[in-house]
Amino acid sequence: MGPLRARIAQERARAEAEERARRAAAAQARAAQQEFARAVGPVTPLRAQGTVLLRPEPPAPLALQHQRDEQRVLQEALSDDFDVGSLLDTDETLSFRRPGIAPEVSRRLRQGAWTLQAELDLHGLRTDEARAALGQFLRTALQRGLRCVRIVHGKGLGSPGKSPVLKGRVHSWLVQKNEVLAFVQARADEGGAGALVVLLRAQRQRTRNAAANFG
């Protein structure tokens, strides 16, 4: 969770720095305009020859607004009341695979056929924090072209009544994410009942090309 919070802090600091720079540039422009007016002195306006109303150019996008848009996307409407039970495979680990995904995929996930490329640990987070962290983690994983990740939700041993509340929430949230193709309970050496191994949808080729162009 440390790297994720550090990344969020870095993004926030960068946006604040860009906003300060924008304000400083605006102040400098106003000062230059005032200096020009003092240097020119009084002027006589030209007689109006007719007025043409032009559509003003849209303002240049600001990095701060871009960050706000990203934060809005991260806070997606993932329902806590979504009934995931009917979508889970009725096996001992309640695995999930989307329609059209072969049962072989779940079996290979359990066997570790895909290399784990990233991990998110949700221990100690409140429900809202966990939901936001999961959304950002999946978004970043998709942008990086990752296919197989692990989500650690814990076994709920520290929860009231020893009930794994967060485990059920994570199941529900993942099922609602279209980029999630399948998930299974992790193997014992990878977290067992306290973690999931998740297979993500392959990033579209054109998205990769666009990212390469901007890289």
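Reader: Which side chain makes a polar contact with the side chain of Glu19?
Author: This is a predicted model. Glu19 sits in helix α1, which covers residues 2–40. Its side chain has a polar contact of 2.9 Å, and the partner is the side chain of Arg22.

Reader: Is Glu19 buried or exposed?
Author: The cut-off for buried is under 20% relative accessible area. Glu19 has 13% relative accessibility, so Glu19 counts as buried.

Reader: Where does Ser172 lie, and which side chain does a polar contact join to the side chain of Ser172?
Author: Ser172 belongs to helix α5, residues 165–176. A polar contact of 3.2 Å links its side chain to that of Gln176.

Reader: Why is Ser172 called buried?
Author: Buried means under 20% relative accessible area. Ser172 falls under that cut-off because its relative accessible area is 3%.

Reader: What span should helix α4 have, and how far apart are its end C-alpha atoms?
Author: Helix α4 has 17 residues, 127–143. The expected span uses one less than the number of residues. At 1.5 Å a residue, helix α4 should span 24 Å. That agrees with its end C-alpha atoms, which are apart by 24 Å.

Reader: Which residue just after α4 takes a positive phi?
Author: Look just past the end of α4. The phi there is about 75°, and the residue is Gly145.

Reader: How many helices and strands does the protein have?
Author: From the N terminus, the order is α-α-β-α-β-α-β-α-β-β-α. That comes to six helices and five strands.

Reader: Which element has the lowest mean pLDDT, and which the highest?
Author: The protein averages a pLDDT of 76, and 66% of the residues score at least 70. Strand β2, residues 118–121, has the highest mean among the elements, at 96. The lowest, at 45, belongs to helix α6, residues 205–214.

Reader: How many contacts beyond four places in sequence does the model have for residues 205–215?
Author: Here pLDDT stays under 50. Where pLDDT is low, the predicted coordinates should not be read in detail. Residues 81–87 also stay under 50, with nine such contacts. For residues 205–215, the model has one contact.

Reader: What share of the residues is buried?
Author: The protein has 215 residues. It exposes about 14,600 Å². Buried residues make up 30%.

Technical notes:
Residues numbered from 1 in each chain as written. Predicted model: local features only at pLDDT ≥ 70, side-chain atom pairs only at ≥ 80, totals over all residues. Heavy atoms only, no water. Helix = DSSP H or I, 4+ residues; strand = E, 2+ residues; numbered from the N terminus. Buried < 20%, exposed > 50% of the residue type's maximum accessible area, 1.4 Å probe, protein only. Polar contact = N/O pair within 3.5 Å; in protein donor to acceptor, adjacent residues only side chain to side chain. pLDDT = per-residue confidence, 0-100. Contact = heavy atoms within 4.5 Å. Areas by Shrake-Rupley, 256 points an atom, 1.4 Å probe, with all protein chains shown as cover.
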